Amino acid sequence: QAGADLEDILSRVKKLMEHPEFTLKNPNRLRSVVSMFAANVTGFHKADGSGYAFMADMVLEVDKLNPQVASRLALSFGTWAKLDSSRQALVKDQLQMLNGKKDDLSKDTYEVVSKIAAA
């Protein structure tokens, strides 16, 4: 469902995350929703940057629970240089925000974020 090509996919993903069986503590469930959203071109790369902001928030939240999964989620920003200039700027904003939270991020997640931002 998180991979559906729908205009309102981000709100649908957030609704899926409200399901009683969903938890950020379960890596498989997290990946099945959040990682699928990151692979959703329409939703993740929405021109308003909402997909990028959502993913950055997820990286911050998940990093407290499971740094390995959070660092993998952060890899979803890795293709930013191939995007158009307006989307590049939106991704860079999120990467800068994450970089500014160095003290709040695990070593692994910070390393991924800083390498992507420097690329």
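A: The protein chain in this predicted model has 7 helices and 0 strands. Read from the N terminus, its elements follow the order α-α-α-α-α-α-α. With a radius of gyration of 13 Å, close to the 14 Å that the globule rule gives for 119 residues, the protein chain is as compact as a globular protein of that length. Its C-alpha trace spans about 35 × 30 × 15 Å along the principal axes.

Of the 119 residues in the protein chain, 39% are buried. The accessible surface of the chain is about 6,700 Å², and carbon and sulfur atoms account for 51% of that area. Taking contacts between residues at least 6 apart, 57% join residues that are at least 24 apart.

In soluble globular proteins, nonpolar side chains tend to be buried together. In this chain the largest nonpolar core holds 35 residues, and the members that touch the most others are Met17, Leu73 and Phe77. At least two residues of this core come from each of helix 1 (9–17), helix 2 (27–38), helix 4 (50–63), helix 5 (67–74), helix 6 (85–99) and helix 7 (107–118). Helix 4 gives the most, supplying 8 residues.

Leu73 shows what one of these core members meets. Setting aside neighbours within four places in sequence, Leu73 is in contact with Leu30, Val34, Ser35, Met55, Met58, Val59 and Val62. Phe77, another of the core members named above, is also a contact partner of Gln94.

Gln94 is part of helix 6. Its relative accessibility is 16%, so Gln94 counts as buried, the cut-off being under 20%. Apart from neighbours within four places in sequence, the residues in contact with Gln94 are Tyr52, Ala53, Ala56 and Phe77.

Between the C-alpha atoms of Glu61 and Asp104 the separation is 10.0 Å, although the two residues are 43 residues apart along the chain.

Asn66 sits in the loop between helix 4 and helix 5. Its relative accessible area is 21%, so Asn66 is partly exposed. Asn66 and Lys107 are 41 residues apart along the chain, and their C-alpha atoms are separated by 12 Å.

Gly78 lies in the loop between helix 5 and helix 6. At 42% relative accessibility, Gly78 is counted as partly exposed. The C-alpha atoms of Gly78 and Ala119 are 8.6 Å from each other, with the residues 41 apart along the chain.

How values were computed:
Residues numbered from 1 in each chain as written. Predicted model: local features only at pLDDT ≥ 70, side-chain atom pairs only at ≥ 80, totals over all residues. Heavy atoms only, no water. Helix = DSSP H or I, 4+ residues; strand = E, 2+ residues; numbered from the N terminus. Rg over C-alpha atoms; globule rule 2.2 N^0.38 Å. Buried < 20%, exposed > 50% of the residue type's maximum accessible area, 1.4 Å probe, protein only. Contact = heavy atoms within 4.5 Å. Areas by Shrake-Rupley, 256 points an atom, 1.4 Å probe, with all protein chains shown as cover. Core = buried A, V, L, I, M, F, W, Y, C linked by side-chain atoms within 4.5 Å.
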